[in-house]
Amino acid sequence: MSATGARRAPLLGLIGAYLVSGAGTALSAIAIPWLVLVTTGSAVATGLVGFAEMAPYVLLQATAGPLVDRVGLRRTFLIGNLVAAAAVFGVFLLGALHELPLGALVGLVAIAGAVRGAADAASTPMIPPLARLARWSDERAVGLYSGANRAALLVGMPLAGVLVALAGPAVTILIDSLTFLCAVVVVAVTVPRIEQVPAEAPAAPAPPRLGPSAYFAELREGLRFLRADRLLLSLMALIVLTNLLDQAMSAVFLPVWAHDRVHDAVAFGVVGGASGLGMLAGVLLTAWLGQRLPRWLTFACCTLLASAPPFFAVAGWTSVVAVAAVFFVCGVFGGVPNPIIGAVQYERVPALLQTRVLGAMKASAYLGVPFGSLLGGLLAQSVGLTWACVAAGVVMLLATVAPLAFPVWRQLDRTPVPAGG
């Protein structure tokens, strides 16, 4: 391997692992809701399972930072994905035996969500040192990392629709468990411990022993930093709301639309895949051009154009082609802001605080996700799918005007020196 290839291999290994595990997660994102719908016929139960997975995920994202600092980024990633593989395999096993009551499913997906939260809290801070090793900008590294997630949706969601139709949801869930194991192998082989990666500054001293007082003090330190940065707070608030509504769409509105109106699981996968393809194009475009784009205007316009139209499309149309086209175009716009957000976060948050600040920010951003599943189920069941989508679309439209309307968002165009950095 050339010297350039050796420098880039760790970052590309992390991105590859994220791609594989993300594709598996996309399989379960369709297979598990479909399993609940065909066994219970209840949109509320479908929303409950989504809540059970995402609530522990969010909690561990917010609180695992001090523990991750002690265990290590790489080791936390490996352990979290191993446990997630075991939990998802349990869902497959009980489903294949036709012995999967709703309570057991809720418990297993909660375990998987919790350990994935800790693993993701560890993976995000790996990107800047591995990007420096590869000699790539943060925009490019974040763009490729986000692109892996979008590619996973592109591959995983259409494949899930086909697999659910041909082999059933249980087999589809089994494949998800295997993808977590593949991610573990890839990272174990290609990614060194982060403290072994050459850094521009001397290594930080080892953190003190983790007792309850030190644990909560470190969490408070991260939250204080986040509270003091108005741009990061504004980003967090916007993403909380948009993720809440997007989760209602992906976990409830789309599967109900495919089940009740189109009567075909493949339609769910096709529309999700179209969104993934568009987002992949958007993030790769930003990874290529990111350093040359005006951040604020690009972020504001793309966020506005990406967010509300899919809700109105699902509300008004039953044509799979038309809905998939809207999701694709909006996906292109929706993929553009992600590398911008990632680069801004790495610029504004000092490295020593990233596990806590970025973990708390990502968790806060995902705070609405579990409630999005519940809200989507309750809305769809109480007012019907059409009016539920219209209401969510109107709220989304109003929220995404904010980056154009308020001056704080113009700080996206600046590159501040992080406080304490």
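The model is predicted, so local features need pLDDT of at least 70 and side-chain atom pairs count only at pLDDT 80 or more, while totals for chains, interfaces and linings use all residues. Residues are numbered from 1 along each chain as its sequence is written, and side-chain values use heavy atoms, without hydrogens or water.

The mean pLDDT (the predictor's confidence in each residue, from 0 to 100) of the protein chain is 81. A value of 70 or more is reached by 90% of its residues. Over residues 416–421, pLDDT stays under 50. For that stretch the model has eleven contacts (heavy atoms within 4.5 Å) beyond four places in sequence.

Buried residues (under 20% relative accessible area, 1.4 Å probe, protein chains only) in α18 are Leu 385, Ala 388, Cys 389, Ala 392, Gly 393, Met 396 and Ala 399. They lie on the same side of α18 because their arc around the axis (taken from the directions to the C-beta atoms) is only 130°. On the other side of α18, Trp 387 and Leu 398 are exposed (over 50%).

Thr 76 sits in helix α4, residues 73–96. Thr 76 is buried, at a relative accessible area of 9%. A polar atom of its side chain lies 2.7 Å from the backbone oxygen of Gly 72. Beyond neighbours within four places in sequence, Thr 76 contacts Val 68, Val 71, Ala 118, Ala 119 and Ala 122.

Conventions:
Helix = DSSP H or I, 4+ residues; strand = E, 2+ residues; numbered from the N terminus. Polar contact = N/O pair within 3.5 Å; in protein donor to acceptor, adjacent residues only side chain to side chain.
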